[in-house]
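Okay, thanks for making time, everyone. Let me put the model up on the screen and then we can walk through it.

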Amino acid sequence: MYGALVNDKEGGTPAMLTLFSTAHHDIWWAKGHAWTVSNWSITGIAGLSTLSHLTHPQGGPALSPTLLLFAITLLTLAASAYLSQKQADMVTARLRADFMTFPPGTGPASIGGS
């Protein structure tokens, strides 16, 4: 019965096909945003590291090392929190898609699970 939920030739409904497609799109969307956030956070860290090499016209560093360390740590924590949320979104979407495709406990998302 479960395999037939998304296979239209075996009695799947258009609603189930739409839900399965939406779950797939949710995974794609979250993965795309995770890569975008990763790229921007690395760019931000590189930019902050570049700022650490600037010097004040009077000879000292333009920004204090403590401020730079705080900014890099804050950026890293914010990016990590967002990436963790996107990972959780992908797991949820995969579980929903597996439920529509496989009997409970037999889908790919159940491998290694409890």
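I'll go through a few side chains, then a surface patch.

Quick ground rules: this is a predicted model, so local features need pLDDT of at least 70 and side-chain atom pairs count only at pLDDT 80 or more, while totals for chains, interfaces and linings use all residues. Residues are numbered from 1 along each chain as its sequence is written, and side-chain values use heavy atoms, with hydrogens and water left out.

Let's start with Ser41, which sits in helix α1, residues 14-52. Helices here are DSSP runs of H or I, at least four residues, numbered from the N terminus. Is Ser41 buried or exposed? Its relative accessible area is 11%, so Ser41 is buried. The cut-offs are under 20% for buried, over 50% for exposed, and partly exposed in between, with a 1.4 Å probe and protein chains only. The Ser41 side chain reaches the backbone oxygen of Ser38 at 2.9 Å. If you skip neighbours within four places in sequence, Ser41 is in contact with Leu75 and Ala79, where contact means heavy atoms within 4.5 Å.

Also in helix α1 is Thr22. Thr22 counts as partly exposed because its relative accessibility is 40%. Thr22 and Ala97 are 75 residues apart in sequence, yet C-alpha to C-alpha they are 8.9 Å apart in space.

Now, charges. How many salt bridges does the rule give? The count is 1, taking a salt bridge as a side-chain nitrogen of Lys or Arg within 4 Å of a carboxyl oxygen of Asp or Glu. That pairing is Lys86 with Asp89, at 2.8 Å from N to O. Both residues belong to helix α2 and are 3 residues apart, about one turn of the helix. Lys86 is at 7% relative accessibility, so Lys86 counts as buried, whereas Asp89, at 28%, is partly exposed.

Last stop, the surface. Leu51, Leu54, Leu63, Leu67, Phe70 and Leu74 make a nonpolar patch of about 540 Å². Patch residues have over 30% relative accessible area and no salt bridge, and nonpolar side chains (Val, Leu, Ile, Met, Phe, Trp, Tyr) are joined within 5 Å, like charges within 9 Å. Which helix gives the most to the patch? That would be helix α2, residues 65-101, with 3 residues. Phe70 is in helix α2, and Phe70 counts as exposed because its relative accessibility is 54%.

Terms used. Accessible areas come from the Shrake-Rupley method with a 1.4 Å probe; for residues, only the protein chains shown count as cover. Helices (H or I, at least four residues) and strands (E, at least two) are DSSP runs, numbered from the N terminus. A polar contact is a pair of N or O atoms within 3.5 Å; within protein, one must be able to donate a hydrogen and the other to accept it, and residues adjacent in sequence count only if both atoms are side-chain atoms.
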